[in-house]
Amino acid sequence: MDSETKPQLPGLIGSAPADQQQFASMMAEMQPSGSSGKPRKPRVTRITKKKGELLTEDEKKANHIASEQKRRQNIRAGYDQLIQIVPTLTPSQRSEALILQKTVEYIKYLLMEREILEGQLKESTR
């Protein structure tokens, strides 16, 4: 099947990697999520004490803030990775809903393309 007859999902603009090698090379080229070029805020570190010592309320609050910042940073890094993987997304698109929607469309496209390729493989082995 040539590129003109490949099915397209509505709203999916651009082309997906045609084979596993191209996809693997795309994945290998991805940079770590921390290299986005944006200046980072200073990291708040967790407070630890010797065993048996209790934390003060301020120390507990500081630990909670640090944990929450780390959680949000990990979520942002995940969205940054999706932007790099999904060909229809650009770094300027920061809407989390849009990122998730386009990612689902891309996964559906890849699954549909896989079914087509599996069908072609079965036909060629007959």
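Visitor: What should I know before we start?
Guide: This is a predicted model, where local features need pLDDT of at least 70, side-chain atom pairs count only at pLDDT 80 or more, and totals for chains, interfaces and linings use all residues. Residues are numbered from 1 along each chain as its sequence is written, and side-chain values use heavy atoms, with hydrogens and water left out.

Visitor: How many helices and strands are there in the chain?
Guide: The chain has three helices and zero strands, in the order α-α-α from the N terminus on. Helices (H or I, at least four residues) and strands (E, at least two) are DSSP runs, numbered from the N terminus.

Visitor: Why is Glu-59 called buried?
Guide: Buried means under 20% relative accessible area, exposed over 50%, and partly exposed in between (1.4 Å probe, protein chains only). Glu-59 has 16% relative accessibility, so it counts as buried. This residue is part of helix H2, which covers residues 57–85. Contact means heavy atoms within 4.5 Å; leaving aside neighbours within four places in sequence, Glu-59 is in contact with Ile-47, Lys-49 and Leu-54. Across the chain, buried residues make up 17% of the 126 residues.

Visitor: What makes Pro-91 exposed?
Guide: Pro-91 has 66% relative accessibility, and therefore counts as exposed. You will find Pro-91 in the loop between H2 and H3.

Visitor: Which residues form the largest nonpolar core?
Guide: That core has seven residues: Tyr-79, Ile-83, Ile-85, Val-86, Leu-89, Ile-99 and Tyr-106. H2 and helix H3 (96–125) are the elements that give two or more residues to this core, and H2 gives the most, with three. A nonpolar core is a set of buried Ala, Val, Leu, Ile, Met, Phe, Trp, Tyr and Cys residues joined through side-chain atoms within 4.5 Å.

Visitor: What makes H2 oblique to H3?
Guide: Their axes come within 10 Å and cross at roughly 45 degrees. Angles under 35 degrees count as roughly parallel, over 145 as roughly antiparallel, 65 to 115 as roughly perpendicular and the rest as oblique, so H2 is oblique to H3. The axes are lines fitted to C-alpha atoms, for helices over the stretch in contact, and angles run from 0 to 180 degrees between N-to-C directions.

Visitor: Which residues make the contact of H2 with H3?
Guide: Tyr-79, Leu-82, Ile-83 and Ile-85 of H2 meet Glu-96, Ile-99, Leu-100, Thr-103 and Tyr-106 of H3. These divide into seven nonpolar, one polar and one charged. Ala, Val, Leu, Ile, Met, Phe, Trp, Tyr, Cys and Pro count as nonpolar, Asp, Glu, Lys and Arg as charged, and the others, Gly among them, as polar.

Visitor: How do you know that Thr-103 is buried?
Guide: Thr-103, in helix H3, has 10% relative accessibility and therefore counts as buried. Not counting residues up to four places away in sequence, Thr-103 touches Leu-82, Val-86 and Leu-89. The C-alpha atoms of Thr-103 and Leu-89 are separated by 8.6 Å, and the two residues are 14 residues apart along the chain.
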